[in-house]
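Subject: Structure handover

Hello,

Please find the structure below, followed by notes on what turned up in it.

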Amino acid sequence: MEVEIRSAADEGLASCHMCGKVSPVVEEHCPRCHSRLHLRKPHSLERTWCYLIAAIAFYFPANLLPIMNVVGLGTNSSDTILSGVINFWKKGDMLVAVIIFSASIMIPILKMIALVWLCLAAHGFTSAEPKHLARLYHITELVGRWSMVDVFVVAVLVCLVQLGVISTVTPGPAILSFAAVVVLTMFAAMSFDPRLLWDRHVKEATEAGVKP
Ligand SMILES: [Zn+2]
């Protein structure tokens with residue numbers, strides 16, 4: 001006997017975004033916490049794309065403009081994230097260099113690539129397995145919780161300690177773009193509804209005449 005797999009959405013049931021209670025979507029508001037009920041996050045893909053495109057746009061000034069200015073005795077230098085990483089590496093602080101490089105350059109770019117891929121998959125442009133995509137989304141969300149700003153603040157503190165009192169370190173213009181990238185990618189990940197991946201999978205399977 002074949003059992004048809006039906007989703008809660010097929011039954012008109014929605015899980016509350018705030019408290020998780022499952023209720024019929026026709027009720028419009030959650031009976032427990034009175035939040036609005038939706039079968040899927042409203043305009044999920046459009047919102048994710050907007051945040052993502054903005055994040056990608058801010059990624060360039062975040063990396064190209066100076067992130068900090070160092071004014072000291074006879075020296076006046078400004079560093080971008082990458083030149084900062086190179087300086088730390090040259091001074092022998094390999095660990096700090098690796099941490100800043102991965103947290104400030106590599107992770108944001110991987111996160112943005114992952115989100116672009118997830119959006120394309122939800123649109124039906126890629127044919128990856130939804131369970132792999134769901135795992136990718138889970139990792140993306142997990143990484144997002146480890147805010148990059150914290151790591152950078154630590155790095156700046158390390159730098160301050162090393163420079164001591166003879167120098168003054170001030171944040172450069174890139175810091176605002178950098179914060180914007182952090183916040184926007186976080187919003188992009190939050191706006192994305194991973195259930196769309198399964199919806200797409202079921203729709204494609206149904207169209208092809210196979211059991212999802
Ligand atoms: Zn609720």
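The model is predicted. I start with the nonpolar core. The largest one has 33 residues, and within it Ile81, Leu118, Phe192 and Leu197 touch the most other members. At least two residues of this core come from each of α1, α2 (81-90), α3 (94-123), α4 (130-145), α6 (174-191) and α7 (195-208). The most is given by α3, which supplies 10 residues.

Phe192 deserves a separate entry. Its relative accessible area is 0%, so Phe192 is buried. Apart from neighbours within four places in sequence, Phe192 is in contact with Lys41, Ser44, Leu45, Thr48, Leu118, Cys119, Ala122, Tyr137 and Leu197.

Next, the aromatic pairs. Searching the whole structure gives 2 of them. One is formed by Tyr51 and Phe187; this pair is tilted, with 5.4 Å centre to centre and 55° between the planes. Tyr51 sits in helix α1 and Phe187 in helix α6, 136 residues apart, and the pair links these distant parts of the chain. Tyr51 has 26% relative accessibility and therefore counts as partly exposed. Phe187, at 36% relative accessibility, also counts as partly exposed.

The rings of Tyr137 and Phe192 also pair: their centres are 5.5 Å apart and their planes are at 45°, so this pair is tilted. Because Tyr137 belongs to helix α4 and Phe192 to the loop between α6 and α7, the pair ties together parts that are 55 residues apart in sequence. Tyr137 is buried, with a relative accessible area of 7%.

There is also a metal site. The zinc ion is coordinated by the SG atoms of Cys16, Cys19, Cys30 and Cys33, at 2.2 to 2.3 Å. The angles subtended by the 4 donor atoms run from 100 to 116°, and the arrangement is therefore tetrahedral; that assignment needs all angles to lie between 85 and 135 degrees. Along the chain, the donors have the spacing C-x2-C-x10-C-x2-C. Cys16 is in the loop between β1 (13-15) and β2 (22-24), while Cys30 is in the loop between β2 and α1 (44-64), so this pair ties together parts that are 14 residues apart in sequence. Both Cys16 and Cys30 are buried.

One further residue, for reference, is Ala121, which is placed in helix α3. Ala121 is buried, with a relative accessible area of 4%. Not counting residues up to four places away in sequence, Ala121 touches Thr126, Leu133, Leu197 and Arg200. The C-alpha to C-alpha distance between Ala121 and Leu133 is 8.2 Å, and the two are 12 residues apart in sequence.

Finally, the totals for the protein chain. Its secondary structure comes to 7 helices and 5 strands, in the order β-β-α-β-β-α-α-α-α-β-α-α along the sequence. Of the 212 residues, 33% are buried. Among contacts between residues at least 6 apart in sequence, 64% join residues at least 24 apart. The accessible surface is about 12700 Å², and carbon and sulfur atoms account for 69% of that.

Regards

How values were computed:
Residues numbered from 1 in each chain as written. Predicted model: local features only at pLDDT ≥ 70, side-chain atom pairs only at ≥ 80, totals over all residues. Heavy atoms only, no water. Donors = N, O, S within 2.8 Å, 3.2 Å for Na, K, Ca; no water. Tetrahedral: all angles 85-135°; square planar, octahedral: opposite > 155°, others 65-115°. Helix = DSSP H or I, 4+ residues; strand = E, 2+ residues; numbered from the N terminus. Buried < 20%, exposed > 50% of the residue type's maximum accessible area, 1.4 Å probe, protein only. Core = buried A, V, L, I, M, F, W, Y, C linked by side-chain atoms within 4.5 Å. Contact = heavy atoms within 4.5 Å. Phe/Tyr/Trp six-rings, centres within 6.5 Å; stacked < 30°, edge-to-face > 60°. Areas by Shrake-Rupley, 256 points an atom, 1.4 Å probe, with all protein chains shown as cover.
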